[in-house]
Structures are given as structure tokens and as C-alpha cells.
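Visitor: Please take a close look at the pockets of this model, and in particular at what lines them.

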Amino acid sequence: MLTSCRLRPAYAADIPAMGALWRQVFGDSEEVTDAFYRAFPRCRAAVAENDAGEIISVVHTLPQTLVFPGGTLPVAYLYAIATRKDCRGQGVASALVRFTEALLERLGYAIAVLTPAEPSLFAFYSKLGYVPAFTRSRTPFPGGTEISAEEYRRRREELLDLPHIAYGQDTFRYLETAYGVKFYETATGVAAAGENYTAEVLPEDLGGKPFAMAKWLSKPRPLPQGYLGFALE
């Protein structure tokens, strides 16, 4: 049963409470959440609040572009979907995701994309109409020669000849500031990695297991199978 709550778009004044809920659910540091809100000024979010006005669930959405042979589509990446532990199992997150999808469709987004935080959540999101649409292998950082973020972005696009998410500068900035990621040319392609974190190794990360899910927000049709990349973990 859906618990009593109010669904609404988030505002700048909500960021401290949203960040606190994010850290509570995912265990990230304040440095990571602060870096996120700085790096993504275009981020939209929606929240659910209880009768006391407390934020009990949040969905962040990042504007992205799906590139495929013949064109592009505007995509909304649903990120850091977090619900307070004592409010789970009551339909809050499901209602908030549907509320967010309705907002995104009115804004002209064609597809919503998300990365389940754990394998069990694939079943949860499938009930909301999401299907596996992106695969990924996880390749250890092989070492390489450091290059600029812009050169990495350019080389990444050259390597990806299948449907994929083309990330903007804000994403690379977040990886740099939150996780200390640097960008490299490798013996076979490119890699993005920090001291204790490997974001991506291409082309080795292509293929592999289901990694992310997608859903048409209007005019449902077959989804292209492709490559998302890193999940901004």
C-alpha cells in the first residue's frame, strides 16, 4: 500500500536533505554528493515528502544523449534513486519514478535510463516497464598514457559504433572531482580510472552482462541494445 506522501519537483533548497538521504542509502561521502550537485547544474530531481514535510525518496535525472546509427535521441538518466529505509516496500519509489517519467515526457525526453544498484532490482524495475538495454564487462585498468578529458571523449566516440550514451563534460568533471579519475590512452583504446576505481576500459568493456535498463516514455517500440558505460558509481 502506498504510504501517504506528496510528490513534487525538487528545488535548490532541497539539496541538503536530498544529499543527506543519498548518503544514508548509498553510504557515499559528503564530498561525493557535493561534487555531484556542483558538476550537474542541469540536474533535475523529484522528491516524495511525508506529512511532516520530510523528504523520504528522491530521483535525480540527468539529461543525456543516446547516439545510434542514423541519429540521436534525448535521454533522461535516472540516478541515485533513494528511499528512506523505514519507508520502503510501500510503493513510494514506484510512484515517484512514474511521477518523474510523466514530467520527463512533457519535457520532450524519449527514453528513461537507469542502472539498478544491485541485481535484485532488475526485477523491481521490470515491473515499472524497464527492460535490459545495455550490457557491460568490467575490465581492470590496464595502464596507459594520460590524455585530456576532451581527447578521451573524442576517442570514446570513435570506438563506440553501436548505440550508446554520449556523455558531456559535466560527467567527466564529476568523475575527476568525486573519484579522482584520470583519462588514458591504452594499448588497445582508452580508459578512465582513479587510484581505487576504474570507470571504463574501451573497447574491452563492450558486451558482457546486462548492466542498465531503459523505457520508452512515449510511442513504445523495440529498444536498441547498446552500451551505457560507467554508472557514475
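Guide: In sorting lining residues, Ala, Val, Leu, Ile, Met, Phe, Trp, Tyr, Cys and Pro count as nonpolar, Asp, Glu, Lys and Arg as charged, and the others, Gly among them, as polar. The model is predicted, with local features needing pLDDT of at least 70 and side-chain atom pairs pLDDT 80 or more, while totals for chains, interfaces and linings use all residues. Numbering starts from 1 along each chain as its sequence is written, and side-chain values use heavy atoms, without hydrogens or water.

The second largest pocket (an open set of points on a 1 Å grid, for a 1.4 Å probe, with protein on both sides within 12 Å along at least five of seven lines) holds about 310 Å³ of space, taken as the space filled by probe spheres set on the points. Its lining (residues with an atom within 4 Å of a point) has 19 residues, with Ala10, Tyr11, Cys43, Arg44 and Ala45 nearest the centre. By class, 15 are nonpolar, 3 polar and 1 charged. At least two lining residues come from each of α1, β2 (44-49), β3 (55-68) and α3; these are DSSP runs, helices (H or I) of at least four residues and strands (E) of at least two.

In the largest pocket there is about 1000 Å³ of space. Its lining comprises 38 residues, and Phe26, Pro116, Ala117, Glu118 and Leu121 lie nearest its centre. Here the classes are 24 nonpolar, 7 polar and 7 charged. Helices α1 (15-26), α3 (92-106) and α4 (121-126) and strands β4 (71-83) and β12 (209-216) each supply at least two residues. The most come from β4, with 7.
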